Amino acid sequence: MLIVEGMPLLYLELAVGQRMRKGSIGAWKIISPYLCGVGVASVVVSFFLSMYYNVINAWAFWYLFHSFQDPLPWATCPLNSNRTGYEEECEKTSSTQYFWYRQTLNISPSLETSGTVQWEQALCLTLAWLVVYLCILRGTASTGKVVYVTASLPYCVLIIYLIRGLTLHGAVNGLIYMFTPKLEQLSNPKTWISAATQIFFSLGLGFGSLIAFASYNDPSNNCERHAIIVSLINSTTSIFASIVTFSIYGFKATFNYESCINKVILLLMNTFDLEEGSLTADNLRTGLAFIVYSEAIKNMEVSQLYSVLYFAMLLMLGIGSMLGNTAAILTPLTDSKAITSRFSKEVISGFVCFINCIIGLIFTMEAGNYWFDIFNDYAATLSLLLIVLVETIAVCYIYGLRRFEKDLHMMIGRKLNWYWKAMWAFASPLLIVSLFVFYLTDYILTGTLQYQAWDGT
């Protein structure tokens with residue numbers, strides 16, 4: 001998906017933005033007046049994404065603030081009202097899940113029970129939008145300076161976590177699990193849809209943010225080289241982050257497995273009055289191996305430090321993504337002389353952030369997490385496939401591939417490689433159409449759409 005979709009489409013969007021010198025709406029309008037809808041669609045998808053994505057940053061703030069407590073508030077279950085034992089709901093699940101579903105979200109039993117706005121989450125969401133606004137206050141062109149921090153800090157944290165993760169007991173189990181291929185999954189269309197979605201989201205394809213940022217490039221900038229470098233760094237980072245993650249998964253899975261084994265041994269020895277040492281982990285196989293990765297941090301030494309590092313990293317990644325999303329919305333607005341003649345960029349940015357924040361309060365209600373899942377699953381994936389399909393068709397068959405090739409030759413000073421031509425004209429559109437059909441077929445065959453709900457009992 002990186003070779004056939006990611007890299008070619010990244011180059012295409014960077015080239016379109018750099019050549020047309022406009023945001024998504026203006027750029028496609030120059031290519032053809034009938035293609036304004038492509039830019040509008042990108043803005044709408046970016047708006048949808050901004051509505052719910054910043055809630056992740058709100059949750060990251062919430063966990064970051066609680067990470068300074070000793071012990072961590074999700075390390076153990078809270079006592080019941082009588083202080084005679086632990087909360088029954090927490091004992092039925094785990095302290096980590098209880099903290100997330102009950103103390104963070106205070107989640108309702110279903111989507112129909114909306115509940116009230118959780119003021120702690122609402123405040124964290126307001127803070128998240130305030131940070132985004134301060135980062136974009138001076139306009140889209142200056143947000144690149146902020147990205148130096150939001151992009152570099154996560155690498156530092158990942159390196160720290162890599163060193164710590166690889167030294168954890170059971171880390172190798174997680175890495176073996178990660179790198180053991182399941183070839184039968186290649187025949188599953190959902191695997192390819194997931195891969196396409198991952199590439200689209202991680203590279204920001206179809207949202208209009210790439211076109212918006214590229215419009216500020218120097219006209220002679222080598223966008224081809226940048227497309228290749230960014231694509232490779234992006235996917236290499238994904239693999240690097242996965243190694244870090246799965247080493248911690250392996251640690252937690254091993255921890256859970258050995259704890260379970262020891263409990264079973266103790267239970268059997270007490271029940272059957274067996275001799276000490278007659279049962280060991282080597283001669284007992286229960287087949288129990290599972291991963292509860294959300295509890296990994298609390299089992300590490302100096303858990304507060306690793307918790308602060310992790311959620312600070314999550315914040316940097318989230319804010320970096322939000323800067324791209326808001327740029328995709330703001331650039332077409334600031335391109336309009338009718339709007340900029342009446343309002344300053346600061347006012348426009350503030351208005352967009354304010355509207356998003358108000359609508360985003362839906363996700364801080366007791367049923368907000370269910371709405372978040374619905375938006376996350378259905379708001380962008382199908383839309384992005386359609387947007388990038390129309391983009392490739394527009395460049396190759398409406399604007400004209402030869403004409404676009406001349407534009408690129410003028411910008412970067414050399415002829416277009418056959419690889420880019422083949423991908424844009426044939427391979428990428430065909431693959432997108434296939435994924436589109438697979439997605440709709442799966443949507444139809446699935447029948448009634450479902451979401452997972454929390455059952456407190």
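**Cavity, pocket and helices in a predicted model**

Visitor: Which residues line the largest cavity, and which helix gives the most to that lining?

Guide: In this predicted model, the largest cavity is lined by Ile193, Ala196, Thr197, Phe200, Phe201, Thr381, Leu384 and Leu385. The elements that give two or more residues to this lining are helix H9, which covers 189–203, and helix H16, which covers 381–412. With 5 residues, the element that gives the most to the lining of the largest cavity is H9.

Visitor: How many residues of the lining of the largest cavity are nonpolar?

Guide: The lining includes Ala196, Phe200 and Leu384, and also Thr197 and Thr381. When the residues of this lining are divided by class, no charged residue is found and 2 are polar, while the number of nonpolar residues is 6.

Visitor: How much space lies in the largest cavity?

Guide: The structure holds 3 cavities that reach 30 Å³ or more. For the largest cavity, the space inside comes to about 40 Å³.

Visitor: What is the volume of the second largest pocket, and which helix gives the most to its lining?

Guide: The second largest pocket has a volume of about 1000 Å³, and among the 22 residues that line this pocket, those closest to its centre are Thr191, Ser194, Ala195, Gln198 and Ser242. Helix H8, at 171–179, supplies at least two residues of the lining, as do H9 and H11. The helix that gives the most to the lining of the second largest pocket, with 8 residues, is H9.

Visitor: How many charged residues are in the lining of the second largest pocket?

Guide: Sorted by class, the lining of the second largest pocket has 11 polar residues and 10 nonpolar residues, and its number of charged residues is 1.

Visitor: Is Ser247 buried or exposed?

Guide: Ser247 has its place in helix H11, which runs over residues 223–272. Leaving aside neighbours within four places in sequence, Ser247 is in contact with Gly165, Leu166, Ala171 and Leu175. Because a residue under 20% relative accessible area is classed as buried, and because the relative accessibility of Ser247 is 0%, Ser247 counts as buried.

Key
Residues numbered from 1 in each chain as written. Predicted model: local features only at pLDDT ≥ 70, side-chain atom pairs only at ≥ 80, totals over all residues. Heavy atoms only, no water. Helix = DSSP H or I, 4+ residues; strand = E, 2+ residues; numbered from the N terminus. Buried < 20%, exposed > 50% of the residue type's maximum accessible area, 1.4 Å probe, protein only. Contact = heavy atoms within 4.5 Å. 1 Å grid on protein atoms, 1.4 Å probe; cavity = no way out; pocket = protein on both sides within 12 Å on 5 of 7 lines; lining within 4 Å. Points joined across faces, edges and corners; volume = space filled by probe spheres on them. Nonpolar A, V, L, I, M, F, W, Y, C, P; charged D, E, K, R; others polar.
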